[in-house]
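Reader: Could you walk me through a few places in this one, slowly please?
Author: Gladly, and here it is.

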Amino acid sequence: MAETVYRACTLCEASCGLAFDVEGNDIVGVRGDDEDVFSRGYVCAKGIAIADIHRDPDRLRQPMVRDASGELRTGSWEEALGTAVARLKQVQARHRRDAIAVYFGNPTVHNTGAAMLRSALLRTLGTKNSYSAASQDTSPRLAASWYLYGASFAIPVPDLDRTAYLLCVGANPYVSNGSFLTAPNVRERIRGIRSRGGKVVVVDPRRTETARGADEHVAIRPGGDASLLLAMVRHLVASGRVDRVRLRAVSSGWDDVERLLDPFTADRAGRSAGIAPETIERLAIEFVEAPSAVAYSRIGVCNNRHGTLASFATDLLNLVAGRLGEVGGAMFPSPAIDLVRIVRMVGGDGHARWRTRVRGLPETFGDLPAAALAEEIETPGPGQIRALVTFAGNPVLSVPNGPRLDAALAKLDFVLSIDLYVNETTRHADVILPPAWSLTEEHVSVITANFGVRNVARWSPPVVAAEPGERADWQILYELAERLGGGPNGIPWMDRLVHASRRLGFRWSPGGVLGPFLRVGPYGDRFLPWSRGLNRKRLRAAAHGIDLGAMEPGFSRRVFHRDGKIHLAASPIVEALRDLGADLAREVVNGELLLIGRRQVRTNNSWMHNVPALVSGRERCVLLVNPEDALRAGVRDGTDAILESRVHRGRVRVHVTDEMREGVVSLPHGWGHAASAPWQRTAGAHPGVSANDWTDDELVESVVGQSILNGVPVRLAPLPADELRHAS
């Protein structure tokens, strides 16, 4: 008879509740949990397919070691771990600590144990060459929050359930399910705004799935978001809608910022952003006059040439319009386990504390821009990267100029990968350590709870037991850190305490560490036996989670600067404002097209294309082209064409559609699986092309040095006659 196990999904930020039907140690069914306090039965296609990863025959279940002939073969854990540690120590003995680089992929965010051990491994290695998927799509948002509030993860969340006006800029939550926005069934939440008589405006170069469900779609030119948002703020100032007295009371630097807004007239900003001046002015007045309103921006904004400034401008608009910290506006959750305070306690926060060796690009929240990874491997000299450790990441597909990085990885002395699959990156590994699938471990929703539209706590049990010999992600990282001379904290005195407690019968675990943080949190029992507050036992007993209430008004609790004020005029922001003000006249020239990315509802970056249910049906890795651009380029719908950028020339399948703004084309990210076909049969049968083959690793955002993935200059042309004959 099947047993039902309830657990939060760990595939995206929505964190929907799932119900697993389990017989023996097999998952026989997956559905949405109707009683989940947050998602109420909602689940997307990826959530239903989560068990398919667990039983995928191509998923690695034993370590892989490269033999003398250069082939990957199965090895024992002892051989694989021993080889990995010996080779890493050897590299550092010859070339010092920074000769090892580490890259952590997006799944780390949804794996609390791995996220905790990440810092331990980095501290044990002692390297500053840390890279991650976050340096591809979140660094601008983190840096903006660092300068504004004094904490990178102090990120306002749109109060979707109570707002009357949503300005959604460069985000497609209908497909992404939310980003820095934990909101299960976000589609219905946004529809609810309209059903309450409110308005939804989507700003995007493409008429996205979210834009189709909105009241208004504003087709902006890629990279124009900061200009638009700053022009809206300027118009509110010029029309007397800004309370300067209040602004000076809660923030510092307003007067400096106000002076820097002078160039951002609706006319000048409109030419830069490709939006009519009267539209900009109307949106500004609508925003300030609505009963409640919130501006929300995300990936499309972060990934363009003014990502940090645009993220800052989003919060600035919310602040000057009186929407920051207000019901229906941009609010701050109060999570049961406060990630912001934990990060501050361990000292892991900041920006530009060190820089890359070659180009001098700054770190953000401990990570260097992944755009620099290839050059740091290629360029000789002290500090050159000689070895790479990857965890749940596929940088060959996720960083710019993927072919260059692919070639650079082949030159490394050693590559260690902790991953479920042999993919485009891990095929270069000398050792692969495969973790058990996450459904075998308990999970605590820590990171996503800090971005929830409601305050919800959930402690998820394992769904199935790990097979003999399988190890969890955090156990692999823990053992690596120990064998390298560290421990689960990477801080010597703390690790000595852990080792001493082991002799007394205690075992370190992520849950054991998080339990005390839960008890001292805002809803915790404070270790008082008579308290009815939260502790690990009570939360585990709540199979469907615990609803802790709506977000509370105010923002002072999330401002960590010593003066208690929001800082508007940090020098990197001021410099970026000046530069953009002087650069508003930039136009697209010589028939140049701009390439942007896009999300797809049945994909999860690069790593779920080996699930048959998620790749079936029509071809989805296609280039979206406006009809006028297709006519000018001489390409037709359904045919292959040549797409060329500064760094790459390759074939793409064209889909002509009026959902694209003229002058803009779009490829989805995460595809390009031809190289992994021998190890991932389903993905190899649906390879597509990697959008990041065309992105330019020399083009980076001005404040954080992040890759510019949206707004890449490209040219489109028909297949040459010889290639056309070959294709036919």
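Reader: What follows α21, and what is its phi like?
Author: Helix α21 is followed by G485, whose phi is positive, near 105°; helices here are DSSP runs of H or I with at least four residues, strands are runs of E with at least two, and both are numbered from the N terminus. This is a predicted model, in which local features need pLDDT of at least 70, side-chain atom pairs count only at pLDDT 80 or more, and totals for chains, interfaces and linings use all residues. Residues are numbered from 1 along each chain as its sequence is written, and side-chain values use heavy atoms, with hydrogens and water left out.

Reader: Which residues of α21 are buried?
Author: In α21, which covers residues 473-483, the buried ones are D473, W474, I476, L477, Y478, L480 and A481, where buried means under 20% relative accessible area, exposed over 50% and partly exposed in between, using a 1.4 Å probe and protein chains only.

Reader: New topic: where does R557 lie, and why does it count as partly exposed?
Author: R557 lies in the loop between β23 (546-550) and β24 (566-567), and it counts as partly exposed because its relative accessibility is 25%.

Reader: And what is R557 in contact with?
Author: Leaving aside neighbours within four places in sequence, R557 is in contact with F332, P333, S334, R341 and E552, contact meaning heavy atoms within 4.5 Å.

Reader: How far is the backbone oxygen of F332 from the side chain of R557?
Author: The backbone oxygen of F332 lies 2.6 Å from a polar atom of that R557 side chain.

Key. A polar contact is a pair of N or O atoms within 3.5 Å; within protein, one must be able to donate a hydrogen and the other to accept it, and residues adjacent in sequence count only if both atoms are side-chain atoms.
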